[in-house]
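Here's a quick briefing to read alongside the model. Have the sequence and the structure open as you go.

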2 protein chains.
Amino acid sequence: MISVVILGAGNVATHLFKALQNSKEVIVKQWYSRNLNHISSFKNNVNITDDLKQLDEADVYILAVSDDAVAEVSSQLPFDNRLVVHTSGSVNIHDLDKKHKRGVFYPLQSFSKDAKIDFENVPICIETIEKPCYHTLKAIAISLGSPTKKVNSSQRGVLHLAAVFVNNFTNQLYRVAHEITESEGAEFDLLKPLILETALKVQDHSPYMAQTGPAKRNDKKTIKNHLKLLSNEHHKDIYKLLTESIQITHGRKKL
Amino acid sequence: MISVVILGAGNVATHLFKALQNSKEVIVKQWYSRNLNHISSFKNNVNITDDLKQLDEADVYILAVSDDAVAEVSSQLPFDNRLVVHTSGSVNIHDLDKKHKRGVFYPLQSFSKDAKIDFENVPICIETIEKPCYHTLKAIAISLGSPTKKVNSSQRGVLHLAAVFVNNFTNQLYRVAHEITESEGAEFDLLKPLILETALKVQDHSPYMAQTGPAKRNDKKTIKNHLKLLSNEHHKDIYKLLTESIQITHGRKKL
């Protein structure tokens, strides 16, 4: 049995806590938040605290706190030589106080408060300095049902950056489509099957092979008509830049 | 029984033909392509021709040809007063020769040669000038198992434009993520569950509500680090523009 203390009260902390409740190999001994109100609804399920000095002894301390807080909280922990990991995509493993055995347990997925998460669909990127720590973190991930990957801090930073493109930026393109359709009396909902199909297609095909459309075909007439239809200058800029990007990728245009 | 002639040999024509093979309410009487080789592999399943003068009589003629060919092919048809429809997102219904009963049967989905399409996930946008024609086209869509929507030419143009954002541009963001990860020794495959989750989330949530990440949080430190990580100037421009777009949407920045 691996004993764990979770620190933090955000989406990652909450989803992790809930998922680990079902684990037979991992027990959450304690949950810390600097504001007890954020986790008080779980007080019947787990020992909760807002005092770092009251932390229980455990095999792993999971710092699911904001990026900026990782270094500080790790240095405030009133013990040393125990395995302390953070869950951030962009924080270096060495930002954890070196008095600890250090590690990273980065779930590469988007967590929201209300959306359910199946950890089978959450790849866990693991980094440790010592090998036994790696096996401990891998065992936790396996117990969640998650695939795992050994990823160093520099690769993790790149994955986090790429995640911004495929998640935040993609979602913003959905938002732009939402604005365009709704402002012209068309239904955004009609686009939902296409949105899903686009994401499904790259599960089995490279994005390069999956590309279609006027930019790739260099269909100047359609591109011109689309630019005319866009009244918002910012949407026009996005259209131009991504059209150009597709044309560079597909050799329609020289850099 | 509705009888149909399909004209064209591209992805839409081929997927439509295959799907209609299973229909009990619709029969494809004939398939036309100006190049018989493109459809000759189907000659045991359907009467094929490359001669517009040899077209059979049918209830509906579906012009699944390129946008530029719609007007010309429709005017070359050696008959009048029959229902002739095109399948394009961006061609006006009035581009069809007015000697015909005219209509549009626009499948709002991305079709590729090798990927299977389930027409349950293909909303059909229907436009006609006369009401009986509308019912004929709706019956064909229902027989395919597709949802349908009455959409006029102007709304259809907007949907087609929005489709470029959620399909072509989104796919290009996947491509950029692919370039970023592979060039830095990280695995693009780790992003696939996130890509799918992002598309699944907007099935039930508005893109506005679904947004997360450094741009929305105005996390300047992470944004700066990401821009530093991007070596390709074009990728940097995309990052900046879409970050700005998110910040405008979420009130982080004034226009």
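Predicted model: local features only at pLDDT ≥ 70, side-chain atom pairs only at ≥ 80, totals over all residues.

Residues are numbered from 1 along each chain as its sequence is written, chains are lettered from A and ligands numbered from 1 in the order in which they are written, and side-chain values use heavy atoms, with hydrogens and water left out.

**Overall build of chain A**
- Chain A has 9 helices and 8 strands, taken as DSSP runs numbered from the N terminus (helices: H or I, at least four residues; strands: E, at least two).
- Along the principal axes, its C-alpha atoms fill a box of roughly 65 × 35 × 30 Å.
- Of its 255 residues, 56% are buried (buried is under 20% relative accessible area, exposed is over 50%, partly exposed is in between; 1.4 Å probe, protein chains only).
- Take the contacts (heavy atoms within 4.5 Å) in chain A with a separation of 6 or more: 53% of them link residues 24 or more positions apart.

**Annotated spans**
- UniProt, in an unreviewed entry, puts "domain: Pyrroline-5-carboxylate reductase catalytic N-terminal" at residues 4–85 of chain A; such annotations may be inferred rather than shown by experiment.
- That 4–85 span is 22% helix and 26% strand, and its end C-alpha atoms sit 11 Å apart.
- "Domain: DUF2520", also from an unreviewed UniProt entry, covers residues 122–246 of chain A.
- Residues 122–246 of chain A are 72% helix and 6% strand, with end C-alpha atoms 29 Å apart.

**Nonpolar core**
- The largest nonpolar core holds 109 residues, and A:Leu7, A:Phe165, B:Leu7 and B:Phe165 touch the most other members.
- A core here is a set of buried Ala, Val, Leu, Ile, Met, Phe, Trp, Tyr and Cys residues joined through side-chain atoms within 4.5 Å.
- Setting aside neighbours within four places in sequence, B:Leu7 has contacts including B:Tyr32, B:Leu52, B:Ile62 and B:Val73.

- Most residues other than glycine have a negative phi.
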